[in-house]
Amino acid sequence: MNAAPLPHGYREIKEDRLRENVGLTYGELAPGLVIEHRPGRTVTELDNLLGAALSGNVAPIHTDAHYSSRTQWGRILVCSGVTLNLVAGMTVRSVSGLTTANLAVDHVHFTAPVHIGDTLYAETKILTRRTSGSRPDTGVITCHTTAHNQDSNAVLSFTRTFLIPLDADTARDTTNY
């Protein structure tokens, strides 16, 4: 075994071989913990077009530059589903990388427009943590995520509840993660 301390966020799987950890553990996700997610994410035209196409959202405000130029926004407005998915995705590496099931996304609020070229930043506060009543090897985490743009304007907030294993090491070993 390596005599040097392991870098944070990694575990040794055998001598001279480390594996990145994805997702904080149940024990690490303590109520009150605030995580600033990095890197930020710049929204591209492709993000918006793919999101609109996959969801079937054909509203011209999201896809037609000429139409959008004549609205109060003066340009394309990124589809709210795209914004929500990008921000939720930014949280996965630390908050919910070990999730076995999402239970709820609640209290979703879009507080300012997002446009192509905006860079989003997110932070998550852990609200509650408890063991599952129906799955004794699983914990239930509820967190609140907020996002802001490059100008520090809040653009989105939501609460999410999900399941994670109580024993992260066993889950990681079982899944080779």
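Tutor: R41 has a relative accessible area of 29% and is partly exposed. This is a predicted model, in which local features need pLDDT of at least 70 and side-chain atom pairs count only at pLDDT 80 or more, while totals for chains, interfaces and linings use all residues. Residues are numbered from 1 along each chain as its sequence is written, and side-chain values use heavy atoms, with hydrogens and water left out.

Student: Why is R41 called partly exposed?

Tutor: Buried means under 20% relative accessible area, exposed means over 50%, and partly exposed lies in between (1.4 Å probe, protein chains only). The value for R41 is 29%, so the residue is partly exposed.

Student: What makes R41 and D47 a salt bridge?

Tutor: A salt bridge requires a side-chain nitrogen of Lys or Arg within 4 Å of a carboxyl oxygen of Asp or Glu. The side chains of R41 and D47 meet at 2.7 Å, N to O, so the pair qualifies.

Student: Is D47 buried or exposed?

Tutor: D47 has 17% relative accessibility and therefore counts as buried.

Student: Which residues of helix α1 are buried, and which are exposed on the other side?

Tutor: Helix α1 (residues 45-55) has D47, N48, G51 and A52 as its buried residues. Seen down the axis of α1, these fall within an arc of 120°, so they line one face of the helix; the arc is that of the directions from the helix axis to the C-beta atoms. On the other side of α1, L46, A53 and L54 are exposed. Helices (H or I, at least four residues) and strands (E, at least two) are DSSP runs, numbered from the N terminus.

Student: How many salt bridges does a search of the whole structure find?

Tutor: The search finds four. One of them joins the side chains of R93 and E20 at 2.9 Å, N to O. R93 lies in helix α4 (residues 80-96) and E20 in strand β2 (residues 17-20), so the pair ties together parts that are 73 residues apart in sequence.

Student: What makes R93 and E20 partly exposed?

Tutor: R93 has 44% relative accessibility and counts as partly exposed. E20, with a relative accessible area of 44%, is partly exposed as well.
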